[in-house]
Amino acid sequence: MIASINPSMKAFSVLIPGILLALTYDFFTPLFYLVFILIITFTLSKVSFYRWIKIFTPFLLIAIGFSWMTMLYTSEEFSGGHVLFEVWRFEVTSGSFETGVSLGLRSLCFVSLSLLFVLTTDSTKFMLSLMQQCKLPPKITYGILAGYRFLPTFQQELQLIRQAHRIRGVARSKGLRDRIGLFRRYVIPLLANGIRKAERVALAMESKGFSGESKRTYYHEMKINPRDWLFLFCMVGSLVTIASLSSYFGFLNIFGKQY
Amino acid sequence: MTKHWKLKEIVLMSILGVVFGVIYLLFFFVGQGITTFLTPFGLGPLGYEFIFGIWFIVSILAAYIIRKPGIAFTAEVIAAVVEVLIGSTAGPTLILTGMIQGAGAELAFAITKWRNYTLPILILSGMLAASVSFIYHLYASGIIAMGAWIILASLIIRIISGALLAGILGKWLGDQLAKTGVLRGYALGKELQKKREHPAA
Amino acid sequence: MSIQQLNKSLLQVENYSFSYESLNDNQVLQDLSFSLYHNEMSMLIGASGSGKSSLALCLNGLYPEAVEGNSTGNIYFKDKHISDYATGELQQHIGIVFQDPESQFCMITVEDELAFTLENLNIPSSEMPKRILEVLHLVGMTNNKHKRLHELSGGEKQKIALAAVLLLDPNLIIFDEPTANLDPVSRIEFIDLIREIKEEKKLSILIIDHQIDDWLFIVDRLLVLNKNGQIIANDKPDKIFPEKIPRLKQEGVWLPKPYLNPLTVKADSRPTNKPVLLSIGNLSFRRKKSTILSDITLNIPEGEFVTIVGENGAGKSTLLQLMAGLITPDRGTISFQGKEIENWNEKELRANIGFVFQNPEHQFITDTVYDELTFGMKLNGYHQAEIKARTTALLSQFGLLRHKYHNPFSLSGGQKRRVSVATMLSESPKLLLLDEPTFGQDADTTHELIKTLVMLRDNGTTIIIITHDMELADLSDTILVLQNHKVAFSGSPSALWRKTDLMKRARLRLPYRIRTQNKLGR
């Protein structure tokens, strides 16, 4: 199961294919890799489809918008081929069409790779793994966790501030200057409180003997197992395979060059 | 480097990440609004360029408050890690993006050997973060496949956004915060106190 | 012979001074000299702003370094100067439990938080589970090992904070206002727990608090700090109190109730036959599928002073927000002055209903105290002259004239609270709602607020207030007890105090006045 993969390894397993994917400009590679990610997501993890699709859908729309822009404004290098159709003053060629679709699909791959990580990874374990495997200093690791703990507090506070402003009739004001004022009215109380909390938590942590030294024992020992390597290999390997297939069928396009 | 940082400064950077993680959602809607307006012209995605600067504000605000080498970079990376913990849909890639943007922001302070935290440098920091991040996105989002003028337009909009939403807004927020008195334990708060005690200096 | 002479001192403070900036001005602590002894429960009291909390952090060696402050004089722990201890070492001998239950943890779950302390001590991981279970047993939280910290109540969080400190196996534990943010029953439970653990572990304990009452009978020795950060008394409690009362009063120290006059004389005239101002019928409210309030019906007459009490999570805040029209009920009706709340024009409703939030900062929207007070009137187009006259009157009434141009965030806790109440009064609302306004506040602030409320009530404002403070509830005309999403009681305070069973179920505590009466009666 993907939830039990070492978090740092999992991070690299979605990061590396992401970087490699950014090299390709054909539609074949991102399309089939997207299919692959979806299969992995729904067979090897307990992510609920309903939850996944709820997060994914808005990005589908953004991806379509991005594809559309790319089609209209593709550079000459990428816009070869015959004219498919014309919109307004723009000509969409087969080259620009493919580039647009490719970039749209690529961004969907990014999102689904990210979801594969985010929806199956425990925050604390991710931080502990960054400390134990990637040598992130404990001072930063626990400093981040201490701040992250306040997320529910800040969300609740934001709600209260909204109500408090309504009571004071702020909702009655309009215009750009008021909007900037509004931003400040939300951010300043949140930050002011946050800064005080940062100070208090840091003192409380140091009072418990936390000195930030890297030598410490671990309650949760995070380890890298062979199956973590296997997962990394799978994620990268399948992208390479798909790209090779794409090349075999004559689709693969890297930075505008056909391979 | 972490030896010279206090734990409270690190927690502060993390909390900036959390607070702006909550605030970014509001900005996301602004970006969405501009996007909807531009979409019929096929310029929809440019909408996010207008608000891109807000993503660098943590760097600049943290550097302006704490004023130590490496803070602009680290604050942006920490904020990125926090966003991932919160469940950002950008996932681990965001940490990479954070490093790149943070490096851009840090560059401005490095040029002045971390001695100058005035408005021009803060604006420069926002603009450099914008430029460096743009180079990255040319590649990662494939903007490079687009026409030269639209690349240029995106870059200019992003740089202006970096100057305004990160540089100017960041300084302004820092000053507003200092007035509340909560920054007494940080470089910015101490500077303000000195100014109050010796108005002539 | 006293305990002190029999015992060797554990911690010795000699001519110690501390300040945040340079030592010349604004000393927080001035020339302190005192000792703490083995197996002794001592308590340090003082008015707010007397530097009590700074002292705790000076003793465990984090100050002055953490704030780049300055100090002179010496502190010895076990006859060794505290600066001779390595980083992180002294903190293992002297543990601190802080005031705010929300901000003393860095991990998500109870288990991980406790492990964090053990990791700091480099305890082998194989030994950790055993130690975690032991300490959870000690503080009576065995069932909460896997819970998330933010799901625990304030009292439970403090127990975990104590457990984490106990894992350090310290010789001395300092408690910095540990119960200030707890409800009354949790407070008593926590104090009992401290006493038990002290007996079992033979620890030295230093309590820092401004509220003495509940501690008075368990502490061996009292140290009193004055406003300038100097020690003005250091003796057994029964020696200090009868003799030094006038002096302590002068210093703004919260006196134990046996030595204090009642806060306010209870109003004898309950309003009778007044028209109903706020009426709620068959109201229910759910949030994310869980019932928050069910089938609430009540009427509040004009001019009444109502308190809402009950356990955390009973739905008190939700009820108040419903009354203000900030959220809408799933079922049932709320009408204000005979007109349903949804049918009110927002602007008029806001002018007629004031709402004071628990954290005053949430209400601040401008740069200066003056602007805060004028904000509402400006929005509603009052005349310049009237705005000025009203604001000046409010400023002087709330003792804020001197702070007219100050940033509201930079004020003290008590001043912020006064500003937040004053802003609500600028448009003379008919109904004033307050959500735990005395929570975590010091004696002076609480006292002032109660005075203000009594004055408002006498002027005819209807007041509904959520509180854990039973002394405040004792002053009201009507108490509403919320329990299990329902109104379990509605009536006069004296009628409630007689319902022993209900009091227990709703985790309420009798006010001091009744507790002493009962004692005398028995």
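**Contacts between chains and within them**

Across the interface of chain A and chain B, the rule finds one salt bridge. The model is a predicted one.

User: Which residues form the salt bridge between chain A and chain B?

Analyst: A salt bridge requires a side-chain nitrogen of Lys or Arg within 4 Å of a carboxyl oxygen of Asp or Glu. The closest N and O atoms of the pair are 3.7 Å apart. The partners are A:Glu199 and B:Lys8.

User: Which helix supplies the largest share of the side of chain A that touches chain B?

Analyst: Several helices of chain A each supply at least two residues to this side, including H1 (7–21), H3 (49–72) and H4 (94–118). Helix H8 (176–207) is also one of these contributors. The largest share is 17 residues, and it comes from H8(A).

User: How many nonpolar residues does the side of chain A that touches chain B have?

Analyst: In total, 66 residues of chain A are in contact with 65 residues of chain B. By class, the chain A side has eleven polar and eight charged residues. The nonpolar residues on that side number 47.

User: What percentage of the area buried between chain A and chain B do carbon and sulfur atoms give?

Analyst: The count between the two chains is twelve residue pairs in polar contact. The area buried between chain A and chain B is about 5500 Å². The part of this area given by carbon and sulfur atoms is 81%.

User: Residues 46–65 of chain B are listed as a transmembrane region; what percentage of this span is helix?

Analyst: The listing comes from an unreviewed UniProt entry, which also gives residues 117–139 of chain B. For residues 117–139, the chain is 91% helix and the end C-alpha atoms lie 32 Å apart. For residues 46–65, the end C-alpha atoms are 31 Å apart and strand accounts for 0%. The helix content of residues 46–65 is 70%.

User: Is A:Ser96 buried or exposed?

Analyst: A:Ser96 is found in helix H4 of chain A. Leaving aside residues up to four places away in sequence, A:Ser96 touches A:Met71, A:Thr74, A:Phe78, A:Ser79 and A:Gly80. The relative accessible area of A:Ser96 is 1%, so this residue counts as buried.

User: How many residues apart in sequence are the parts that C:Glu102 and C:Lys157 tie together?

Analyst: The two residues form a salt bridge, with the closest N and O atoms 3.0 Å apart. C:Glu102 lies in the loop between strand E6 (94–97) and helix H4 (110–120) of chain C, whereas C:Lys157 lies in helix H6 (residues 154–166), so the pair ties together parts of the chain that are 55 residues apart.

User: What is the relative accessibility of C:Lys416, the partner of C:Glu361 in a salt bridge?

Analyst: The closest N and O atoms of C:Glu361 and C:Lys416 are 2.9 Å apart. C:Glu361 is in the loop between strand E16 (353–356) and helix H11 (369–379), and C:Lys416 is in helix H13 (residues 413–425) of chain C. C:Glu361 counts as buried at 2% relative accessibility. C:Lys416 also counts as buried, and its relative accessibility is 11%.

User: Why are C:Arg195 and C:Asp192 separated by about one helical turn, and in which helix?

Analyst: The side chains of C:Arg195 and C:Asp192 meet in a salt bridge of 3.7 Å, N to O. C:Arg195 is partly exposed at 36% relative accessible area, and C:Asp192 is partly exposed at 31%. The separation is about one helical turn because the two residues are three residues apart in chain C helix H7 (residues 184–201).

User: Is C:Glu436, whose phi is near 45°, buried or exposed?

Analyst: The phi of C:Glu436 is a positive value in a residue other than glycine. C:Glu436 has its place in the loop between strand E17 (431–435) and helix H14 (443–458) of chain C. With a relative accessible area of 8%, C:Glu436 is buried.

Technical notes:
Residues are numbered from 1 along each chain as its sequence is written. Chains are lettered from A and ligands numbered from 1 in the order in which they are written. This is a predicted model: local features need pLDDT of at least 70, side-chain atom pairs count only at pLDDT 80 or more; totals for chains, interfaces and linings use all residues. Side-chain values use heavy atoms; hydrogens and water are left out. UniProt positions are given in the numbering used here, feature names are shortened, and annotations may be inferred rather than shown by experiment. Helices (H or I, at least four residues) and strands (E, at least two) are DSSP runs, numbered from the N terminus. Contact means heavy atoms within 4.5 Å. Buried area is the accessible area (1.4 Å probe) that two parts lose on being put together, summed over both. A polar contact is a pair of N or O atoms within 3.5 Å; within protein, one must be able to donate a hydrogen and the other to accept it, and residues adjacent in sequence count only if both atoms are side-chain atoms. Ala, Val, Leu, Ile, Met, Phe, Trp, Tyr, Cys and Pro count as nonpolar, Asp, Glu, Lys and Arg as charged, and the others, Gly among them, as polar. Buried means under 20% relative accessible area, exposed over 50%, partly exposed in between (1.4 Å probe, protein chains only).
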